[in-house]
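Dear colleague,

Please find below the structure that I am handing over to you, with its sequence. My notes on what was found in it follow.

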Amino acid sequence: MSVVILYGTETGNSELVADAISDVLAVDHDPSIYDMSEFAVEDLDPADFLVVICSTYGEGELPTGAEPFAEELDAVDPDLTGLRFAVFGLGDTVYGETFNRGGEIMAEMLTKRGATQVGEHARHDNSSPIKPAKFATEWAEGIVGVIDPVNAH
């Protein structure tokens, strides 16, 4: 099973998180990392496990880097039945109601098309003292078992 890591970012934090998650998952898998702005919706494969990393921008919107992928999801409206995915969101609690909305939007867009979200939905808070990459490393260790439950350690 291939692991595909997609990140949507405004300032680059999601890319750093993607690298940290990839480092953990590389022990048992050979993850591929893609910027959402450069990934085609038709390349989503239900045989893969998808990790979505998405920051939140502005008033709870998707970051610029995630917009082309989201727009293509809406335009193509693919059947993603069988696709399993996990989400790591980035946000800041100073934004209250829109905290971590970017990751939630991506999860909603995928589940609306038949994909199944598994594992804990991570919500990193930029106001916390924990760096995003450290939080991502711990989270990734927790999702290893849901990626390929048959071969979990």
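Helix 1 and helix 4 are oblique to each other. Please bear in mind throughout that this is a predicted model. The two helices, of which helix 4 covers residues 132–147, pack at an angle of about 40 degrees, and their axes lie 8 Å apart. In passing helix 4, helix 1 makes a right-handed crossing.

On the side of helix 1, the contact is formed by Val17, Ala20, Ile21, Val24 and Leu25. Helix 4 contributes residues including Pro132, Ala136, Trp139, Ala140, Val144 and Ile147. Sorted by class, this contact holds 12 nonpolar residues, one polar and one charged.

Helix 2 spans residues 67–76 and helix 3 spans residues 101–111; their axes come within 11 Å and cross at roughly 25 degrees. Helix 2 is therefore roughly parallel to helix 3. Here the crossing is left-handed. Phe69, Ala70, Leu73 and Asp74 of helix 2 meet Met106, Met109 and Leu110 of helix 3. Six residues of this contact are nonpolar, none is polar and one is charged.

Helix 1, residues 13–25, returns here: both helix 1 and strand 4, residues 84–91, supply at least two residues of the lining. By class, the lining has five nonpolar, 13 polar and two charged residues.

With kind regards

Technical notes: Residues numbered from 1 in each chain as written. Predicted model: local features only at pLDDT ≥ 70, side-chain atom pairs only at ≥ 80, totals over all residues. Heavy atoms only, no water. Helix = DSSP H or I, 4+ residues; strand = E, 2+ residues; numbered from the N terminus. Nonpolar A, V, L, I, M, F, W, Y, C, P; charged D, E, K, R; others polar. Axes fitted to C-alpha atoms, helices over the stretch in contact; angles between N-to-C directions. Parallel < 35°, antiparallel > 145°, perpendicular 65-115°, else oblique. Left-handed = near helix turned anticlockwise from the far one by under 90°. Contact = heavy atoms within 4.5 Å.
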